[in-house]
Amino acid sequence: MDYAVRVSHYIDPVTFELSRDVILLISGEHVAEVITSGEVSGGLAGLAKNTLDLGDALCMPGFVNAHCHLDLSHLWRQVPQGLKFHEWGPVIMAGRALPPSMIAAGIEDAVRMLVSGGTTSVLDVSVAGDSLGALSRHGLRSVLALESLGFDGSRAEAAMQHVDSLIRDRFVLESDRLGKDAGTGASPVAHDGVDYAFSPHATFSTSQQLYELNMGRAFGEGRICTTHAAETTEEEEFLLHGTGPYAPFMAQFGVDLSSFKGYGARSMELLLGDWLGPWLKAENPNLVLVHCNYARQADFALIAQAKPSICWCPRSHAFFGHEPWPWQEMLATGANLVLGTDSLASNTGLDMLGEIRQALATVPDADPAILFRAATIKGRIAMNIADNAADLAIWSLPEGASTRDEALNGLLADNPPLLAAFSRGKLIARSI
Ligand SMILES: [Zn+2]
């Protein structure tokens, strides 16, 4: 055994129920055994190579951030509030042109924020794989969803080839691809714990052809496909009729809209209908639809049928001043509800407790335990993380917490220190 960890309170990553006086035995990337109260007397010595006797502590599944853009982290506190999305977009494009050293420094800070907030896994939408090194160095289980976009369907193949070149350059070792023929020539560095996925940007910016290429690859390789959907009313107007502020927004990026009169459908109808329909199974947790702020009645029926993962980003939602997120309607669809932070260009932080607090401020009657599940074990489902993965966050026990819900509410109210965190069985954070 690699680690023996003793805590007073433990929340199971499958049932989400609480056990008391628990010793966890970690072997490699997994929790090999959970020993509950009274089964072991005496100390931890002898149970594993390393021991952590944390006493009054709450161990729970680490947070899973199901949507962020770490390569925009250098824009933290640089973007004025109150912009509409189509006004914010050009600011972000300007931000992407800033020097690579600034972008790298922003990512480094952001990954530290993730770790210190008890996040152990992240689904990061990435334009060029810039976050790869920092995520691997800090030990987070990570998937980089490589972003592609392009309104013109005739350029879809070229956009996909660009994604493939990124995969070849950043992820696939020549020795894996070519065996001994690879020789000793240039090959990307192996980034432990970081894998790739696919992210066509959004229905207003990305053609059906490019969605099909991305989804085909994701489906064929058993990988995540994630995309933005129904984020704004203006986006939906553009998709329906080709009108509204998104038309000049797109035109400024050189998109020719002279013959575009809209698709006559909203984004969720396109995605869960013709565009991705051929690949949909009975449940689709690896299809992560982000925002879905303006899902309407017909969309909820489609979501209930396809059961994708639906990702709410509560603080980014508030940043843009959107209508209240349709929490009850989404819950009723039976979709796999997950939470994300979105980027620091539309958020004040990357801690998932902050997202849960914002969600509860917006939907006061939401059950905090359901939000905690969304921020942890539902994210694990979206990211194909094993039930027994040793991805754990261990917090100082909130004052007076006895039951699970008291402990969770205490986390929100007291902001207790993070005592330790494991990702893939590796200790990635530790208090002294
Ligand atoms: Zn996003």
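How many bridges join strand β8 (residues 141–148) to β9, and do the strands run parallel or antiparallel? I found seven bridges between β8 and β9, and the two run parallel; strands are taken as DSSP runs (E, at least two residues) and helices likewise (H or I, at least four), numbered from the N terminus, and two strands pair if DSSP finds at least two bridges between them. I noted one of the partners by name: Leu146 is bridged to Phe198 in β9. Six of the seven residues of β9 (residues 194–200) are buried, so this strand is largely enclosed by the rest of the structure; buried here needs 20 or more other C-beta atoms within 10 Å of a residue's own, with C-beta atoms placed from the backbone.

Before going on I wrote down the conventions. The model is predicted, so I kept in mind that local features need pLDDT of at least 70 and side-chain atom pairs count only at pLDDT 80 or more, while totals for chains, interfaces and linings use all residues. Residues are numbered from 1 along each chain as its sequence is written.

Next I looked at helix α7 (residues 233–241), where the buried residues are Glu235, Glu236, Phe238 and Leu239. They cover an arc of only 160° around the axis, which puts them on the same side of α7; the arc is that of the directions from the helix axis to the C-beta atoms. These buried residues pack against α8 (246–251) and α9 (267–275), contact being defined by C-beta atoms, placed from the backbone, within 7 Å. After α7 comes Gly242, with a positive phi near 80°.

I then turned to the domains, whose bounds come from an automatic or database assignment: domain 1 is 3–61 + 391–430 and domain 2 is 63–382. I counted 20 residues of domain 1 in contact with 21 residues of domain 2. On the domain 1 side, α16 gives the largest share, five residues. That side divides into 14 nonpolar, two polar and four charged residues, where Ala, Val, Leu, Ile, Met, Phe, Trp, Tyr, Cys and Pro count as nonpolar, Asp, Glu, Lys and Arg as charged, and the others, Gly among them, as polar. The C-alpha centres of the two domains lie 31 Å apart.

Last, I took the chain as a whole, which has 16 helices and 16 strands, and of its 432 residues 47% count as buried. Its C-alpha atoms fill a box of roughly 75 × 60 × 45 Å along the principal axes.

How values were computed:
Buried ≥ 20, exposed ≤ 12 C-beta atoms within 10 Å, placed from the backbone. Contact = placed C-beta atoms within 7 Å.
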